[in-house]
Amino acid sequence: MANVVRAALVQATWTGDTASMVAKHEEHAREAARQGAKIIGFQEVFNAPYFCQVQEPEHYRWAEPVPDGPTVTRMRELARETGMVVVVPVFEVEQSGFYFNTAAVIDADGTYLGKYRKHHIPQVKGFWEKYYFKPGNLGWPVFDTVVGKVGVYICYDRHFPEGWRQLGLNGAQLVYNPSATSRGLSSHLWQLEQPAAAVANEYYIAAINRVGEEEYGDNDFYGTSYFVDPRGQFVGETASDKSEELVVRDLDFDLIEEVRRQWAFYRDRRPDAYEGLVQP
Ligand SMILES: NC(=O)NCCC(=O)O
């Protein structure tokens, strides 16, 4: 029997406050569950604006503990209610002065499985993330969910092949890539990088971008979220570049094994020859 996972993602416009932002993601999740989805993921810091367009101390207010803060607690209830795995990207405060760009992964019965913290932190115009976030320090976890092995790699991380590879080596079948990136900066890369990573690592990727303009800056987030398969092919259409969208797609996990037998990249890689890659 085919091993097909119905998977969902949401690209959303900023509503102006966390309560309504979380509430509308809950509605999208309920709709995804009605459509038969078993896993859903949201965009980078989904419950807040993309505040890194500016560097202002007031924006530390969006941070919360993971997993015991209000959003992840609520998403655990949502997972239980809908019977879906939920990937929840938020601004995490660990303790005073220790802040991370994080995603929690929750299993379909509401169990908190763990979190990934973004490793590569940008500091470029309109993406002033080093002002807020410490680089991730929890390695490359792959979570054993009811639908399969799920990893997370957050936005700017996607430019670095090493993390994609490490997630593959750790067993990932599907990697969620919650993002916030803007028109005029990266639209062309958005069509290239995740498909190339899916091919090189022979797994599925869910690429999720924010959409629309927000109150703290002039980035125009271009959406166009998608799922891409281990052959590098988009699974169905990419989402709109202008408006909010729930995307639900069937992912055939048997294709992962099929591709790995055809293109034996894990057999043929040469870690013994890559010493230079890990020199600082
Ligand atoms: N959110 C984020 O890391 N954006 C950086 C810009 C990019 O990588 O496209």
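Which residue lies over the face of F100, and at what distance from the ring centre? That residue is R117, at 3.8 Å from the ring centre. A charge is taken to sit over a ring if NZ of Lys or CZ of Arg is within 6 Å of the ring centre and within 35 degrees of the ring normal. A second case is R165, whose charged end sits over the ring of Y266, 5.5 Å from its centre.

A word on the source. This is a predicted model, in which local features need pLDDT of at least 70 and side-chain atom pairs count only at pLDDT 80 or more, while totals for chains, interfaces and linings use all residues. Residues are numbered from 1 along each chain as its sequence is written, and side-chain values use heavy atoms, with hydrogens and water left out.

Next, the strands. Helices (H or I, at least four residues) and strands (E, at least two) are DSSP runs, numbered from the N terminus. Two strands pair if DSSP finds at least two bridges between them.

I will start with β4, residues 98-106. Of its 9 residues, 8 are buried, where buried means under 20% relative accessible area, exposed over 50%, and partly exposed in between, with a 1.4 Å probe and protein chains only. Strand β3, residues 85-95, runs antiparallel to β4, with 9 bridges between them. One of the partners is V86, which bridges to I106 in β4. The β3 and β4 hairpin has 2 residues between the strands, and G97 there takes a positive phi near 85°. β4 also pairs with β5, residues 112-117, again in the antiparallel sense, over 5 bridges. Here A104 is opposite K115 in β5. That hairpin has 5 residues between the strands, and G110 has a positive phi near 90°.

Now β8 and β9. Strand β8, residues 142-144, and strand β9, residues 149-152, run antiparallel and are joined by 3 bridges. D144 stands opposite K149 in β9. Between these two strands the hairpin has 4 residues, and G148 takes a positive phi near 145°. β9 pairs with β10, residues 174-179, in the parallel sense, over 3 bridges. In that pairing G151 is opposite V175 in β10.

On to the aromatic rings. A pair of rings is described by the distance of the centres and the angle of the planes. Rings of Phe, Tyr and Trp (its six-membered ring) pair if their centres lie within 6.5 Å; planes under 30 degrees apart count as stacked, over 60 as edge-to-face and the rest as tilted. The structure holds 26 aromatic pairs. One of them is F42 with F46, which is tilted, at 4.9 Å centre to centre and 40° between the planes. F42 counts as buried because its relative accessibility is 0%, and F46 also counts as buried, at 0%. Another pair is Y204 with F253, with centres 5.7 Å apart and planes at 20°, so this pair is stacked. Y204 lies in strand β11 (residues 204-209) and F253 in the loop between β15 (245-252) and α6 (254-262), so the pair ties together parts that are 49 residues apart in sequence. Both Y204 and F253 are buried. Ring pairs also link F51, Y60, F91, Y99, Y131, Y132 and F133 into a cluster.

Some backbone details. The peptide bond from V66 to P67 is cis, with omega near 15°, and P67 is in the loop between β2 (39-41) and α2 (70-82). V45 is also found in the loop between β2 and α2. V45 is not a glycine, yet its phi is positive, near 35°. V45 is buried, at 1% relative accessible area. T224, in the loop between β13 (220-222) and β14 (226-228), has a positive phi near 50° and is likewise a residue other than glycine. T224 is buried, with a relative accessible area of 12%.

Last, the pockets. On a 1 Å grid over the protein atoms alone, a pocket is an open set of points where a 1.4 Å probe fits, with protein on both sides within 12 Å along at least five of seven lines; lining residues have an atom within 4 Å of a point. Grid points are joined across faces, edges and corners, and a volume is the space filled by probe spheres set on the points. The largest pocket holds about 510 Å³ of space. Of its 20 lining residues, the closest to the centre are P161, E162, R165, Q166 and L277. α3 gives the most to this lining, with 6 residues. The second largest pocket has a volume of about 150 Å³.
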